[in-house]
Amino acid sequence: MAGLLGGELAGQLACLGAVVCYGFSLGYTKKFLSSRPIAPTTFAFLNIGIAGLIMALLTPVVAWQPVDLDTTIVLSLLALGVLGTGLAYIWQVNVLRAWGPTGMSTVTYVTPVVGVVLGVLLLQERFGWHEPVGALLVLAGILLAQGRVDALLARRAVAGGPASPAAQPGR
């Protein structure tokens with residue numbers, strides 16, 4: 001079935017659902033879990049372990065074809081899980097505790113920028129004028145969402161504020 005933007009509707013709905021779950025999970029984690037004295041490694045292991053268990057239980061039900069798990073596949077999945085998702089999740093918990101859910105979510109905005117750069121460097125994709133403009137918009141959005149623009153303007157206002165009467169000419 002064709003989706004709204006020409007792709008498969010199921011894929012588009014899955015992406016939309018993932019985004020909603022991701023946004024919800026940051027707020028939920030910050031409010032109910034991140035203030036607890038749980039080590040980031042334990043935190044990451046529990047989240048990824050529960051997700052892995054759910055996937056293991058659902059795979060026989062939703063798999064379109066038989067699943068062939070040989071040693072290479074299992075080791076590859078473990079490497080991706082530990083080195084990719086596991087380390088990223090530990091980092092995410094630390095950033096979430098330090099910056100809060102809004103600041104933490106801005107980290108994900110850099111993903112398309114990194115994807116474009118890697119596409120140009122590794123896949124020799126074309127690089128047009130709109131990629132750097134998009135990257136600047138993304139970075140500006142991150143700075144605005146994190147309140148860094150307000151902080152910069154406040155610092156400039158303090159630094160460039162009115163001079164003391166003794167330093168003013170004609171006094």
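Student: What are the angle and the axis distance between helix α1 and α3?
Tutor: Helix α1 (residues 9-33) packs against α3 at an angle of about 120°, and their axes lie 10 Å apart. Axes here are lines fitted to C-alpha atoms, for helices over the stretch in contact, and angles run from 0 to 180 degrees between N-to-C directions. This is a predicted model, in which local features need pLDDT of at least 70 and side-chain atom pairs count only at pLDDT 80 or more, whereas totals for chains, interfaces and linings use all residues. Residues are numbered from 1 along each chain as its sequence is written, and side-chain values use heavy atoms, with hydrogens and water left out.

Student: How are α1 and α3 oriented to each other, then?
Tutor: α1 and α3 are oblique to each other; angles under 35 degrees count as roughly parallel, over 145 as roughly antiparallel, 65 to 115 as roughly perpendicular, and the rest as oblique. α1 passes α3 in a left-handed crossing, a crossing being left-handed if the near helix is turned anticlockwise from the far one by less than a right angle, and right-handed if clockwise.

Student: Which residues make the contact?
Tutor: From α1 it is Tyr 22, Leu 26, Gly 27, Thr 29, Lys 30 and Leu 33, and from α3 it is Gln 92, Leu 96, Arg 97, Gly 100, Pro 101, Met 104 and Ser 105, where contact means heavy atoms within 4.5 Å. The residues of the contact of α1 with α3 divide into six nonpolar, five polar and two charged; Ala, Val, Leu, Ile, Met, Phe, Trp, Tyr, Cys and Pro count as nonpolar, Asp, Glu, Lys and Arg as charged, and the others, Gly among them, as polar.

Student: Is Gln 92 buried or exposed?
Tutor: Gln 92, which sits in helix α3, is buried, with a relative accessible area of 13%. Buried means under 20% relative accessible area, exposed over 50%, and partly exposed in between (1.4 Å probe, protein chains only). Leaving aside its neighbours within four places in sequence, Gln 92 is in contact with Tyr 22, Leu 26 and Met 104.

Student: And how does α2 pack on α3, at what angle and distance?
Tutor: Helix α2 (residues 40-62) and helix α3 (residues 71-106) pack at an angle of about 120°, with their axes 8 Å apart, which makes α2 oblique to α3. α2 passes α3 in a right-handed crossing. On the α2 side the contact has Pro 40, Thr 41, Phe 43, Ala 44, Asn 47 and Ile 48, and these meet Thr 85, Gly 86, Tyr 89, Ile 90, Val 93, Asn 94 and Arg 97 in α3. The residues of the contact of α2 with α3 divide into seven nonpolar, five polar and one charged.

Student: Stepping back, how many helices and strands are there?
Tutor: The protein chain has six helices and zero strands, where helices (H or I, at least four residues) and strands (E, at least two) are DSSP runs numbered from the N terminus. Of the 171 residues in the protein chain, buried ones make up 12%, and among contacts between residues at least 6 apart in sequence, 62% join residues at least 24 apart.

Student: How many disulfides?
Tutor: The structure holds zero disulfides, a disulfide being a pair of cysteine sulfur atoms within 2.5 Å. Cys 15 is exposed, with a relative accessible area of 52%, and Cys 21 also counts as exposed, at 52% relative accessibility.

Student: What about phi at Gln 124?
Tutor: Gln 124 is not a glycine, and yet it has a positive phi of about 55°. Most residues other than glycine have a negative phi. Gln 124 lies in the loop between α4 (111-123) and α5 and is exposed, with a relative accessible area of 62%.
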